[in-house]
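Here is a short tour to read with the structure open beside you.

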Amino acid sequence: MKICFFSLSAYPLFKSGHQAVFGGSELQLSIVAEHLASRHEISFIVADFGQADTERIGDYTFIKSIRLGGYLSPWFRVKSLFILIKALYRTDADIFITSAAGPEVGVIALFCKVLRKRFIYRTASSIDCDGEYIRKNGFRGKLFKFGLEHADVIIAQSKENEALLKKHYGIDAVLIKNAFAIHEHDETGIVSESEKKGILWVGRMEPNKRPETYLKLAKKFPRERFVMIAPKQNHLVEYFEMAFNKAQSMENVQFIERVPFDKIQEYFNKARLLVCTSEYEGFPNVHLQSCIGGTPVVTLNINPDNYITKNNIGYCADSVFEKMIDQIETLLNDEGDWKKKSTNAFRYAKENHDINIVGKQWEELLYSLARN
């Protein structure tokens with residue numbers, strides 16, 4: 001099959017040394033693409049980063065499309081529409097896959113409907129599923145809704161998102177969990193408890209990630225080392241500077257703006273805890289990377305399908321900050337509790353999110369679409 005992944009910000013994942021920021025949806029599509037590449041012809045439609053119109057990197061063909069940002073001009077919007085359609089034509093793909101809410105979802109759905117191609121939409125966040133993106137984004141939201149309603153298949157990351165799609169749109173989604181390449185030797189490579197130090201936070205510097213809550217936690221634990229990894233985004237420079245300056249003023253906080261993806265797992269492996277303060281998410285990749293490293297997770301309120309408590313890999317504070325403080329104190333001081341959750345974390349990731357397991361579900365779905 002010829003499969004095209006539409007993922008505008010994915011290019012930096014494949015281009016060595018590229019500094020642009022990518023997110024969880026781009027990462028997940030790249031992992032799925034890598035799994036499929038040995039058996040299928042894979043292309044990516046990506047944004048204009050100044051690269052050639054068509055570029056071959058490894059097993060993938062990259063097709064340049066629109067520049068990111070600049071949606072204010074009506075001319076820019078019209079021009080972007082034609083650029084996107086041209087890029088879709090150039091792939092000659094049988095199946096198109098994209099993830100994350102945006103007006104381009106509607107454009108791809110219409111393109112596939114007219115040309116009788118297959119279209120898969122994969123949810124990236126709870127706001128994709130509960131109607132919030134549509135309510136807040138006017139015509140762009142309506143285009144996204146059109147895309148949801150005309151996709152051949154919608155993939156949900158969790159049962160919660162699956163239920164939200166049914167409730168708000170009457171859509172029956174397919175549940176396929178996030179995936180990582182998890183090797184047998186990963187468990188034996190987990191850093192020993194005595195070597196695991198610090199409380200880690202990793203994410204894009206955005207208001208919904210609530211980095212200020214993490215820094216508030218750092219004040220509550222002045223003797224603990226806090227490590228914050230957060231890349232700067234061009235459209236949120238002032239917000240980044242605010243958090244950066246606050247972190248720099250705190251003696252127990254180490255702020256790191258950028259870590260190459262092939263090095264980031266080391267930080268999860270060496271941390272004693274991962275803290276998540278996000279307001280909303282899909283199924284956070286950082287949670288899984290923490291589990292792969294045998295590092296328990298403490299989250300303010302993100303707990304898809306209650307997986308943290310059900311699998312005993314950490315704690316969820318149910319949006320109560322003081323409760324989160326108590327939970328962190330428990331994991332810092334109760335060796336038995338920490339060890340149990342550390343062991344459970346790796347086991348959970350291996351049994352539920354290994355690409356060798358999840359990839360089979362993708363293969364079955366793709367072949368089913370191709371036959372029908």
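Which residue in β7 is the bridge partner of Y121? In this predicted model, the partner is I154.

- Strand β6, covering residues 118–122, runs parallel to strand β7, residues 153–156, and three bridges join the two.
- Both strands belong to an open sheet of eight strands, whose order is β3-β4-β2-β1-β5-β6-β7-β8.
- Pairing within this sheet is mixed.
- At the edges sit β3 (54–57) and β8 (174–175), each of which pairs on one side only.

**Helices that meet the sheet**
- Helix α4, made of residues 104–115, packs on the sheet and touches β1 (2–6), β5 (95–99) and β6.
- The direction of α4 makes about 160° with that of β6.
- Helix α8, residues 159–169, lies across β7 and β8.
- Relative to β7, helix α8 runs at about 140°.

**A closer look at Q289**
- You will find Q289 in helix α13, which spans residues 285–292.
- Is Q289 buried or exposed? Its relative accessibility is 5%, so Q289 counts as buried, the cut-off for buried being under 20%.
- Leaving aside residues up to four places away in sequence, Q289 touches F180, F261, I264, Q265 and F268.

**The chain as a whole**
- In total, the chain has 17 helices and 14 strands.
- Its radius of gyration is 21 Å, close to the 21 Å that the globule rule gives for 372 residues, so the chain is as compact as a globular protein of that length.
- Taken along the principal axes, the box filled by the C-alpha atoms is roughly 60 × 40 × 40 Å.
- Of the 372 residues in the chain, 55% are buried.
- Among contacts with a separation of 6 or more, 66% are between residues 24 or more positions apart.
- The accessible surface of the chain is about 17,100 Å², and carbon and sulfur atoms account for 50% of that surface.

Definitions and conventions: Residues numbered from 1 in each chain as written. Predicted model: local features only at pLDDT ≥ 70, side-chain atom pairs only at ≥ 80, totals over all residues. Heavy atoms only, no water. Pairing = 2+ DSSP bridges. Helix = DSSP H or I, 4+ residues; strand = E, 2+ residues; numbered from the N terminus. Contact = heavy atoms within 4.5 Å. Axes fitted to C-alpha atoms, helices over the stretch in contact; angles between N-to-C directions. Buried < 20%, exposed > 50% of the residue type's maximum accessible area, 1.4 Å probe, protein only. Rg over C-alpha atoms; globule rule 2.2 N^0.38 Å. Areas by Shrake-Rupley, 256 points an atom, 1.4 Å probe, with all protein chains shown as cover.
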